[in-house]
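Please look at the sequence and the structure first, then read on.

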Amino acid sequence: MKKKIQTPRSHQNSQHLKRQSSDPLDGDVEINHIIERVLSRRAFIGGSAAFGVAAMVGSGVPGLEARSLAGNALTFQAVAANSADSVTVPAGYSWDVLMSWGDELWSKSQPLDEQSGGTGASQELSVGDNNDGMYLFSHQGRSILALNNEYANRPTLFGNRDASRPQTLDDVRKGMAAHGVTICEISQSQHKKSGKWSIVKDSPFNRRITATTPMQITGPAAGHDLMKTKADPSGTRSLGTWANCANGQTPWHTYLTCEENFNGYFTRSDLTRDIPEVLQRYGIGARDWGYNWASSDERFDVSEHPFEPNRVGYVVEIDPLDPKSTPKKRTALGRFKHENAELVINGDGRVVVYMGDDERGEFLYRFVSDGKFIEGGDNRDLLDSGQLYAAKFHDDLRGEWLALTPQTTGMASQALICIHTRQAASAVGATTMDRPESIAANLATAEVYCALTNNKHRGKKPNRGGDDMPVGGPNPRAQNKYGQIVRWRSDEGDHTRPGFDWQLFVLAGNPTVHTDARKGSPNINADNMFNSPDGLKFDQSGTLWIQTDGKTSNKGDFAGMGNNQMLAADAVSGEIRRFLVGPKKCEITGLTWSADRRTMFVGIQHPGERGKSHFPNGGNRVPRSSIIAIKRDDGGLVG
Ligand code: FEO
Ligand code: CA
Ligand code: CA
């Protein structure tokens, strides 16, 4: 098994490997041929016979009706790219701040001391840092926001420390509390003009889940020997969730938070012992990324506790309406650097979850539950039992889901597959992708979209497991700087079927700088260009929203693109229009709506990361990750 994983393979378009030695995008005949094919009438949006007449299916989500596939014209006036330290939205729209890192959740919370970044105690009672995925739940007329806090901006969280590194036990406590999930009720003022949203302090729903909150481990891997540690000989109880990137939600009103870059928190105290290969595949190294958690909590020392990393890297299900509930790590959905978890209810009631592993050359996954969703029934543990698959894309615009089973992978048990999921997908020859970020399912059709953010190693070197990353299929450009969005449609509109058709929805690029494949697909122009698509979400009107996490130099390859941004796309015509530009050095993360769809909430993560910003308060204030609320001035729908 081990040997098989290490051996580079060339199952994908091996003929394209020939071109690796040449300059990747120098007008090479072969790459141009691939681009032409991928962008050809059938392969690309615009002449999309395979998709444009896609069979109508029920949305599968209770309360949502199937809709026609008529184009959803984008009605707002496009926003120009810019490098301002503020948020820009179209004429006729306004924004204000809903909440920022460090805002108080309870009356007993302390206001944030911006210079020090607060203390462990203050952070445990306030909004976490670096807001990412989120979802606003409606419950008996109340609005409960579940919000990921992906990581910590060390220069602001430890603004009073040299080199922005935690130095004391309380610093580490603060760092752990800045991570995880914030759950809080929000409400809108009844004032006719402002209608401002804000946190409901002391709401019974308010809760912080951090890197120390007790978790239950469920599914096939629960109790496996590789999940057992000194502190938890049962292998079923762990502490905390961290690196919570994007999210998902279920029709049984729970929140799914996705553990992504979990590796950056582990340290090795014994440098004489090598890191086991199974941990190297997940990026566990000798040192953490500056958080210093191992200094006060030995479970982050992999020399002492080599199985602790096996207990993170999952999708965690949280009941936001029960503040006393224990979050559950759903191991059946696999262990990798989970971006988000896009859940659909298939026509037959089975639950299907699409998931991406955000690392160069890692894979796209699908989970299909054994049980069926029953509205009003006991759906609590549907995510504990089912089949995991990895995607293989063929050049003829067909694809297949490869089941990850002991038989197909050669691995001893389903539990092992759920722990060493990357190795399992390598073993079956899944397609190495250009960093799968968010996945979004069209609510009206069986189409699913995935942002492939970029991949500088495409066509150049293998992934961490030794799998080749040839140019081809949905990853058609070598040393891919700009990223693309691929979409697929399951055969017969059935999300559980093995086969699917696929297309590229957009190749991002810069047509003002390049004339080759780097100019992007035909639906990219000087007015809507962007790089590194990341967050994706469909709203209820059928618009696809695209959020970026890319280069913001506004120079060279990225000239004219400005700051990170959010665009809207018409899924039928392929038209893309820029809706929002964020402040300096931020990433746009997270998107959700009020129940009446008259407010859209958008995340502004790490303004000023590696650069100056004073967002959102201006002056000389410390930049703070924030959620903004966007409304139309005429009170109309925004999604
Ligand atoms: Fe946390 Fe892949 O973004
Ligand atoms: Ca992301
Ligand atoms: Ca990203």
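The calcium ion (ligand 2) and the calcium ion (ligand 3) are 3.9 Å apart, and Glu437 coordinates both. The structure is a predicted model, in which local features need pLDDT of at least 70, side-chain atom pairs count only at pLDDT 80 or more, and totals for chains, interfaces and linings use all residues. Residues are numbered from 1 along each chain as its sequence is written, chains are lettered from A and ligands numbered from 1 in the order in which they are written, and side-chain values use heavy atoms, with hydrogens and water left out.

The table gives the protein donors of each ion. Donors are N, O and S atoms within 2.8 Å of the metal (3.2 Å for Na, K and Ca); water is not among the atoms, so sites may look incomplete.

| Ion | Donors | Distance | Spacing in sequence |
|---|---|---|---|
| calcium ion (ligand 2) | Glu339 (OE), Glu437 (OE), Asp534 (OD) and Asp534 (OD) | 2.3 to 2.7 Å | E-x97-E-x96-D |
| calcium ion (ligand 3) | Glu437 (OE), Asp534 (OD) and Asp549 (OD) | 2.3 Å | E-x96-D-x14-D |

Helices (H or I, at least four residues) and strands (E, at least two) are DSSP runs, numbered from the N terminus.

Glu339 and Glu437 are both buried. Asp534 is buried too, with a relative accessible area of 5%, while Asp549 has 26% and is partly exposed.

**Arg422**

Arg422 sits in helix 10 (residues 421–428). Its relative accessibility is 0%, so Arg422 counts as buried. The side chains of Arg422 and Glu359 are joined by a polar contact of 2.9 Å. A polar contact is a pair of N or O atoms within 3.5 Å; within protein, one must be able to donate a hydrogen and the other to accept it, and residues adjacent in sequence count only if both atoms are side-chain atoms. Contact in general means heavy atoms within 4.5 Å. Leaving aside neighbours within four places in sequence, the residues in contact with Arg422 include Arg281, Tyr282, Asp357 and Phe363.

**Helix 6**

Seven of the ten residues of helix 6 (residues 169–178) are buried, so this helix is largely enclosed by the rest of the structure. Among the buried residues are Asp171, Val172 and Met176. Their cover includes helix 4 (120–124), strand 3 (142–149) and helix 5 (154–157). Gly180 follows helix 6 and has a positive phi, near 105 degrees.

**The chain as a whole**

The protein chain has ten helices and 28 strands. Of its 639 residues, 62% are buried. Among contacts with a separation of 6 or more, 65% are between residues 24 or more positions apart.

Technical notes
Buried means under 20% relative accessible area, exposed over 50%, partly exposed in between (1.4 Å probe, protein chains only).
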